[in-house]
Amino acid sequence: MVDIEGFLIDLDGTVYLGDTPIDGADGFFRTLEQNETPYLLLTNNSTQTPLKIANKLKSMGIRVRPEHIYTSAMATGDFLRQEYGEKRKAFVIGEEGLLESLLSINWQLVENENEAEFVIVGLDRKLTYEKLERASLAVQQGAKFIACNTDSYLPTPYGFLPGSGAIVCAIETTTGVKPKVIGKPEPIIIEEALSQLGTPKEKTAIVGDRLETDIEAGKRAGIKTILVLTGAKKEEREIKKYNPDYVFKDIGELWRDFLKQRKNLLF
Ligand SMILES: [Mg+2]
């Protein structure tokens, strides 16, 4: 692995599994900090704020400051502000992370579908049929339809639960309108994260456990891709198809490789 100056690192399945940190994750972040290597933890999770995610990591012994966390909700806010400016009106299906991101760009959250210029959808575990009604009507009236991500499901120890993509599907099926999607595997979240990192594309890598989101997003955005074999199940033939630039057993093995590189550079 040569010449990587900036990292975008997936969380679930890459840094931790459930509530268990993956070996070497804490060390990798320590080394990135010591070397002042730019990095962001990149997650499709739109429900939580960076502070909450940082606290969860801390409870697992992984120290990462909230400013190093970048969610699909934050990328949605950054993208919308650049494309449409401030003070627009949005009907939102989502949780704290998304609401905070939209308020931070001075957008107004409206309850009435007739006022909405945008319908913005992330995972909402308090979803009601009424919210789906209002969102669907707003989209039919011409509101722009934006999705933080289209993750189909949330993996839990009990099985799969509906993800943001399942909610997006309800509105898409109703209206026949496809949303603009911000999160992985779409490249928008990568582009937004890159503009924060400031490292050139060819020297920036995404690290992740899912071929169809992390690796696909990296390829589409034109950055380097690093697959870790923890988290999501992958078959050899699938790995060949997506063809990541580098494959490591886990983030710990990536860490040791990165350390070796730095030493070679120093001596
Ligand atoms: Mg993952």
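What is the handedness of the crossing of α5 and α6? The crossing of these two helices is right-handed, where a crossing is called left-handed if the near helix is turned anticlockwise from the far one by less than a right angle, and right-handed if clockwise. The structure is a predicted model, in which local features need pLDDT of at least 70 and side-chain atom pairs count only at pLDDT 80 or more, while totals for chains, interfaces and linings use all residues. Residues are numbered from 1 along each chain as its sequence is written. Helices (H or I, at least four residues) and strands (E, at least two) are DSSP runs, numbered from the N terminus.

Antiparallel pairing is found between strand β10 (residues 153-156) and strand β11 (residues 159-162), which share four bridges. A hairpin through two residues joins β10 to β11, and T156 has G159 in β11 as its bridge partner.

## Helix packing

Two packed helices are described by the angle between their axes and the distance between the axes. Axes are lines fitted to C-alpha atoms, for helices over the stretch in contact, and angles run from 0 to 180 degrees between N-to-C directions. The table sets out two such pairs.

| Helix pair | Angle | Axis distance |
|---|---|---|
| α5 and α6 (residues 164-175) | about 45° | 9 Å |
| α7 and α8 | about 70° | 9 Å |

Angles under 35 degrees count as roughly parallel, over 145 as roughly antiparallel, 65 to 115 as roughly perpendicular and the rest as oblique. With an angle of about 45°, α5 is therefore oblique to α6. In this contact (C-beta atoms, placed from the backbone, within 7 Å), L132, A135, S136, V139 and Q140 of α5 meet A170, I171, T174 and T175 of α6. The contact residues of this pair divide into five nonpolar, four polar and no charged, where Ala, Val, Leu, Ile, Met, Phe, Trp, Tyr, Cys and Pro count as nonpolar, Asp, Glu, Lys and Arg as charged, and the others, Gly among them, as polar.

The angle of about 70° between α7 and α8 makes α7 roughly perpendicular to α8, and α7 passes α8 in a right-handed crossing. Here I189, I190 and E191 in α7 meet A217, G218 and A221 in α8, and the residues of the contact divide into four nonpolar, one polar and one charged.

Helix α7 (residues 188-197) has as its buried residues I188, I189, I190, E192, A193 and L194, a residue being buried if 20 or more other C-beta atoms, placed from the backbone, lie within 10 Å of its own, exposed if 12 or fewer, and partly exposed in between. The elements covering these buried residues include β1 (6-10), β4 (39-43), β5 (69-71), α3 (72-84), β13 (204-208) and α8 (211-221). After α7 comes G198, whose phi is positive, near 80°.

## Backbone features in the loops

The loop between β12 and α7 holds P185, which is joined to K184 by a cis peptide bond with omega of about 10°. In the loop between α3 and β6, K87 has a positive phi near 55° although this residue is not a glycine, and K87 counts as exposed because it has 9 C-beta neighbours inside 10 Å. N243, in the loop between α9 (236-242) and β15, is another residue other than glycine with a positive phi, near 55°; with 12 C-beta neighbours inside 10 Å, N243 counts as exposed.

Methods: Pairing = 2+ DSSP bridges. Contact = placed C-beta atoms within 7 Å.
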